[in-house]
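Here are my notes on this entry, point by point. Please read them with the structure open.

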Amino acid sequence: MNKWVNVGTAEDFISGLGRAVLIDGRQIAVFYCGTTKRFYASDNMCPHKQQMILARGIIGDKKGEPMVACPFHKKAFSLEDGRNLQGEALHISIYEIKEEDAKVWVSVPVDQEVAV
């Protein structure tokens, strides 16, 4: 079961810059990508060294696929499905996101415990 949580207005987000939000103890990175004109949401934690840093990551694309790269070790993850784009066995969770009436909403699970 999921719930929709408002994480700000569309104007709060700048293309290429992520923003970390805290929802029920879960850190989520929210991005607006100007090239795709879409919002994306993922875990804020990079699974490589378990650092809460992806909101400060490098936003771009790899062969047309939107991605975020950890600013520390440059591990790149798809913002579409969370897989590691360098073929490593690392992944991040991706959250459904929508823009409605100039507000940005993220869908998060309500029945799952999360370690922070």
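**Notes on the predicted model**

1. The side chain of Asn-84 reaches the backbone nitrogen of Glu-88 at 3.0 Å. The backbone nitrogen of Gly-87 is also reached by the Asn-84 side chain, at 3.1 Å. Bear in mind that this is a predicted model. Asn-84 sits in the loop between β9 (76-78) and β10 (94-95). Is Asn-84 buried or exposed? Asn-84 is buried, with a relative accessible area of 6%. Not counting residues up to four places away in sequence, Asn-84 touches Lys-75, Ala-76, Phe-77 and Leu-90.

2. Next, another loop asparagine. Asn-44 lies in the loop between β4 (38-43) and β5 (45-46). Asn-44 is buried, with a relative accessible area of 3%. The side chain of Asn-44 reaches the backbone nitrogen of Ala-55 at 2.7 Å. Leaving aside neighbours within four places in sequence, the contacts of Asn-44 include Ala-20, Gln-27, Ile-28 and Ala-29. Gln-51, Met-52, Ile-53, Leu-54 and Ala-55 are also among the contacts of Asn-44. For a distance check, take Leu-17, which is 27 residues from Asn-44 along the chain. The C-alpha atoms of Asn-44 and Leu-17 are separated by 13 Å.

3. Now the cysteines. How many disulfides does the structure hold? The count is 0. Cys-33 is in no disulfide, and its nearest cysteine sulfur, that of Cys-70, is 18 Å away. Cys-33 is buried, with a relative accessible area of 5%. Cys-70 is in no disulfide either. For Cys-70 the nearest cysteine sulfur is that of Cys-46, 3.9 Å away. Cys-70 is buried, with a relative accessible area of 0%.

4. On to the nonpolar cores. The largest nonpolar core has 15 residues. Which residues have the most contacts inside it? They are Phe-31, Cys-46, Val-68 and Phe-77. Strand β3 (residues 26-33) gives the most to this core, with 3 residues. Leaving aside neighbours within four places in sequence, Cys-46 is in contact with Gln-51, Ile-53, Leu-54, Cys-70 and Phe-77. A second, separate core has 14 residues, including Ile-28, Ile-97, Val-106 and Val-108.

5. Strand β12 (residues 103-109) deserves a look. Why is β12 described as largely enclosed by the rest of the structure? Because 5 of its 7 residues are buried. Strand β1 (residues 2-9) pairs with β12 in the antiparallel sense, over 7 bridges. In this direction, Asn-2 stands opposite Pro-109 of β12. Strand β11 (residues 97-100) also runs antiparallel to β12, joined by 4 bridges. Glu-99 has Val-104 of β12 as its bridge partner. The hairpin of β11 and β12 has 2 residues between the strands. In that hairpin, Asp-101 takes a positive phi near 55°.

6. Last, the annotation. An unreviewed UniProt entry places the feature "domain: Rieske" at residues 5-106. Over residues 5-106 the chain is 0% helix and 50% strand. The end C-alpha atoms of that span are 5 Å apart.

Definitions and conventions. Residues numbered from 1 in each chain as written. Predicted model: local features only at pLDDT ≥ 70, side-chain atom pairs only at ≥ 80, totals over all residues. Heavy atoms only, no water. Buried < 20%, exposed > 50% of the residue type's maximum accessible area, 1.4 Å probe, protein only. Contact = heavy atoms within 4.5 Å. Polar contact = N/O pair within 3.5 Å; in protein donor to acceptor, adjacent residues only side chain to side chain. Pairing = 2+ DSSP bridges. Disulfide = S-S within 2.5 Å. UniProt positions renumbered as here; feature names shortened; annotations may be inferred. Core = buried A, V, L, I, M, F, W, Y, C linked by side-chain atoms within 4.5 Å.
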